[in-house]
Amino acid sequence: MPLYEYECPNCGERFEHLTRGNEPPECPKCGNRRLTKLLSVVSSRVGKSADSSQCNFGCCQGGACGLG
């Protein structure tokens with residue numbers, strides 16, 4: 001089940017909605033169903049181990065991004 005972020009153009013409320021099937025989201029503040037889907041930033045957590053001196057994602061050449 002994907003988690004999407006929405007903004008209500010009526011009241012400006014921003015919220016997340018866990019989509020189940022074809023269930024349409026509804027603004028929790030005003031009940032509006034005409035919402036704007038927002039672009040979400042993906043977040044992940046990477047654990048550190050004793051030998052993880054470099055980033056394994058190849059995005060920062062050596063851990064400058066903090067993932068390594």
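Student: How many aromatic pairs does a search of the whole structure find?

Tutor: The search of the whole structure finds two aromatic pairs. Before we look at them, a word on the source: this is a predicted model, where local features need pLDDT of at least 70, side-chain atom pairs count only at pLDDT 80 or more, and totals for chains, interfaces and linings use all residues. Residues are numbered from 1 along each chain as its sequence is written, and side-chain values use heavy atoms, with hydrogens and water left out.

Student: How do I read a pair of aromatic rings?

Tutor: A pair of aromatic rings is described by the distance of the centres and the angle of the planes. Here, rings of Phe, Tyr and Trp (its six-membered ring) pair if their centres lie within 6.5 Å; planes under 30 degrees apart count as stacked, over 60 as edge-to-face and the rest as tilted. The search of the whole structure gives two aromatic pairs. Tyr 4 and Tyr 6 are edge-to-face, at 6.4 Å centre to centre with 65° between the planes. Tyr 6 and Phe 15 are stacked, at 5.9 Å centre to centre with 25° between the planes. These ring pairs link Tyr 4, Tyr 6 and Phe 15 into a cluster.

Student: Is Tyr 4 buried or partly exposed?

Tutor: Buried means under 20% relative accessible area, exposed over 50%, and partly exposed in between (1.4 Å probe, protein chains only). Tyr 4 has 29% relative accessibility, so Tyr 4 counts as partly exposed. Tyr 6 has a relative accessible area of 8% and is therefore buried. Phe 15 is buried too, as is Tyr 6.

Student: What sits over the ring of Tyr 4?

Tutor: The charged end of Lys 37 does, 3.9 Å from the ring centre. A charge sits over a ring if NZ of Lys or CZ of Arg is within 6 Å of the ring centre and within 35 degrees of the ring normal.

Student: Now the backbone. How many strands are there in the chain?

Tutor: There are three strands and zero helices, and read along the sequence they give the pattern β-β-β. Helices (H or I, at least four residues) and strands (E, at least two) are DSSP runs, numbered from the N terminus.

Student: How do strands pair in a sheet?

Tutor: Strands of a sheet pair through backbone hydrogen bonds, either parallel or antiparallel. The rule used here is that two strands pair if DSSP finds at least two bridges between them. Strand β1 (residues 3-7) runs antiparallel to strand β2 (residues 14-18), joined by five bridges. For example, Leu 3 has Leu 18 as its bridge partner in β2. In the hairpin of β1 and β2, six residues lie between the strands, and Gly 12 takes a positive phi near 85°. Three bridges also join β1 to strand β3 (residues 36-38), again antiparallel. There, Glu 7 stands opposite Thr 36 in β3.

Student: In which order do the three strands form the sheet?

Tutor: The order is β2-β1-β3, in an open sheet with antiparallel pairing. β2 and β3 stand at the edges with a single partner strand each, so one side of each is left without a neighbour in the sheet.

Student: Where is Asn 32 placed, and which residues does it touch?

Tutor: Asn 32 lies in the loop between β2 and β3. At 13% relative accessibility, Asn 32 counts as buried. Contact means heavy atoms within 4.5 Å. Leaving out residues up to four places away in sequence, Asn 32 touches Cys 8, Pro 9, Asn 10, Pro 25, Glu 26 and Cys 27. The C-alpha atoms of Asn 32 and Pro 9 are separated by 8.6 Å, and these residues are 23 apart along the chain.
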